[in-house]
Amino acid sequence: MNAFLYSGTYWYILKAGRRIQGALGKEAASTRAAHRSSKTLMLFVAAFAFQWWAAALLGAWQLIATPPFLIFLGAATFSNIGGILNGSIYVIIQRKRVQEKQAANEGTASVPRQVALTVNSFKQAPPNGSGKNDKK
């Protein structure tokens, strides 16, 4: 059930990301965020599948015949490693977050890229007050 829900959420985010990309263009920050979050969700789907494959095999085998003891051990082992898998995903997510912050700080001296572009795109008034509406 969890894998189904994660996969459905992934599909919905991907679909919404494509819709936003069509409306705003390829460089939309929301599109990049949607792709990042959908990739993160797929990490959880992969961890879930890795954690519960042995239990699914055990259940299917029990429908046909009595499974060997090794299958019981595999199901017990893999179903109890969820904390390790989720902890590993947490570490992966945190490393990516730190790398993104470092990359952003290197390019704009700790000012986010969008803010730097917005500030630089404003035109400054002439320094001597020689604008169009100046009266002498």
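Buried here means under 20% relative accessible area, exposed means over 50%, and partly exposed lies in between (1.4 Å probe, protein chains only). By that scale G82, at 9% relative accessibility, counts as buried.

The structure is a predicted model, so local features need pLDDT of at least 70 and side-chain atom pairs count only at pLDDT 80 or more, while totals for chains, interfaces and linings use all residues. Residues are numbered from 1 along each chain as its sequence is written, and side-chain values use heavy atoms, with hydrogens and water left out.

**The overall picture**

The protein has five helices and zero strands; helices (H or I, at least four residues) and strands (E, at least two) are DSSP runs, numbered from the N terminus. Of the 136 residues, 18% count as buried. The protein exposes about 10800 Å², and carbon and sulfur atoms supply 63% of that area; accessible areas come from the Shrake-Rupley method with a 1.4 Å probe, and for residues only the protein chains shown count as cover. Take contacts (heavy atoms within 4.5 Å) between residues at least 6 apart in sequence: 60% of them join residues at least 24 apart.

| Pair | Separation in sequence | C-alpha to C-alpha distance |
|---|---|---|
| G82 and F50 | 32 residues | 9.2 Å |
| F48 and G82 | 34 residues | 7.8 Å |

F48 sits in helix α2 and, at 22% relative accessibility, counts as partly exposed. Q51 also lies in helix α2, but its relative accessibility of 13% makes Q51 buried. Leaving aside neighbours within four places in sequence, Q51 is in contact with F78, S79, G82 and L85.

**Aromatic pairs**

Rings of Phe, Tyr and Trp (its six-membered ring) pair if their centres lie within 6.5 Å; planes under 30 degrees apart count as stacked, over 60 as edge-to-face and the rest as tilted. By this rule the count comes to two aromatic pairs. F50 and F78 form an edge-to-face pair, with 5.3 Å centre to centre and 85° between the planes. F50 lies in helix α2 and F78 in helix α3, so this pair ties together parts that are 28 residues apart in sequence. F50 is partly exposed, with a relative accessible area of 41%, and F78 is partly exposed at 22%. Ring pairs link F50, W53 and F78 into a cluster.

**The faces of α3**

Which residues of helix α3 (residues 69-79) are buried? They are I71, G74, A75 and S79. Seen down the axis of α3, these buried residues fall within an arc of 110°, so they line one face of the helix; the arc is that of the directions from the helix axis to the C-beta atoms. On the other side of α3, F69 and L70 are exposed. An α-helix has 3.6 residues a turn, so residues three or four places apart point the same way.

W61 is found in helix α2 (residues 29-64) and counts as partly exposed at 34% relative accessibility.
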